[in-house]
Amino acid sequence: NDQAPYLSVNNIEVIYDHVILVLKGVSLEVPKGKIVALLGANGAGKSTTLKSISNLLGAERGDVTKGNIEFRGARIESLTPNELVKRGVIQVMEGRHCFGHLTIEENLLTGAYTRRISRAELKESLDKVYHYFPRLKERRASQAGYTSGGEQQMCAIGRALMAKPEMILLDEPSMGLAPQIVEEIFEIVKDLNVKEQVSFLLAEQNTMVALRYSDFGYIMENGRIVMEGEANYLANNEDVKEFYLGLS
Ligand code: ATP
């Protein structure tokens, strides 16, 4: 059933350090093959939402205390990040997270660690990443720490691709990047979505850019979803324009 939700987050609450209630009942859906934007100001709870799906909250002493999360019909909220990667759900963290002392290519190879694959398959995956990110191919032998911010963001997405993802949770891909590079990265995200059928849930403060590349959007405020709709609808909505245009 193509209409069944693919990823669904159902009324989750998240508490940090046993006391700080940060998500106050968040529900959202990502249909298969879509790009969904999670929007809102700094501190609204976007990163926390992504981390609760990828189960990366533990390291920050965060807990999902209510609600549940489903992916392709199965509950996933108690799977480890590794198990999630094997099922095709992978997060690209905010701030890029490439290994600075490794080359671009070595970074990409680390992305395939959950797969048991032959050299030929590994080569095929690498070639696919280089096909979508020609800049990474040019910089394959450079130490990641010495590449530009845009190239490091590309490296982080490329590394996620090496795991053959079904669904990428992309946290603030535009952070700290020049507008032209942001466009370049979103174009590639759209391309991956269309040609590789990767679904995306992307957290962004850059509301208008994100909506241009998304199918659907949710707006968060203070740990809650306060508005949702088709990307076109949100981009043309007067309240959204007034409150969120100047945010990034
Ligand atoms: P940003 O763009 O800054 O990532 P965000 O919308 O993603 O913003 P979150 O990072 O999810 O927001 O933060 C939501 C709230 O949770 C904020 O008030 C933040 O201070 C708080 N918070 C985040 N991480 C922790 C933590 N490890 N311990 C305690 N509180 C936290």
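Leaving aside neighbours within four places in sequence, which residues is Asn68 in contact with?

## Asn68 and its contacts

Asn68 touches Ser8, Val9, Asn10, Ile12, Arg75 and Glu77, once its neighbours within four places in sequence are set aside; contact here means heavy atoms within 4.5 Å. Asn68 sits in strand 4, residues 62–71. Strands (E, at least two residues) and helices (H or I, at least four) are DSSP runs, numbered from the N terminus. Leu108 is 40 residues away from Asn68 along the chain, and their C-alpha atoms are 32 Å apart.

## About the model

This is a predicted model, with pLDDT of at least 70 needed for local features and 80 or more for side-chain atom pairs, while totals for chains, interfaces and linings use all residues. Residue numbers start from 1 along each chain as its sequence is written, and side-chain values use heavy atoms, leaving out hydrogens and water.

## Around the ligand

The ligand has 15 residues around it, and the closest are Asn42, Gly43, Gly45, Ser47 and Thr48; a residue counts as near if one of its heavy atoms lies within 4 Å.

Now for some polar contacts, meaning pairs of N or O atoms within 3.5 Å. A polar backbone atom of Lys46 is 2.9 Å from a ligand oxygen atom. Glu94 has a side-chain N or O atom 3.2 Å from an oxygen atom of the ligand, and Glu60 puts a polar side-chain atom 3.3 Å from a ligand nitrogen atom.

## Helices 6 and 7

Helix 6 (residues 149–161) packs with helix 7 (residues 179–196) at an angle of about 15°, the axes being 10 Å apart. Axes are lines fitted to C-alpha atoms over the stretch in contact, and angles run from 0 to 180 degrees between N-to-C directions. That makes the two helices roughly parallel, a label for angles under 35 degrees.

Helix 6 contributes Gly150, Gln153, Met154, Ile157 and Leu161 to the contact, and helix 7 contributes Ile181, Glu184, Ile185 and Leu192.

How values were computed
Angles under 35 degrees count as roughly parallel, over 145 as roughly antiparallel, 65 to 115 as roughly perpendicular and the rest as oblique. A polar contact is a pair of N or O atoms within 3.5 Å; within protein, one must be able to donate a hydrogen and the other to accept it, and residues adjacent in sequence count only if both atoms are side-chain atoms.
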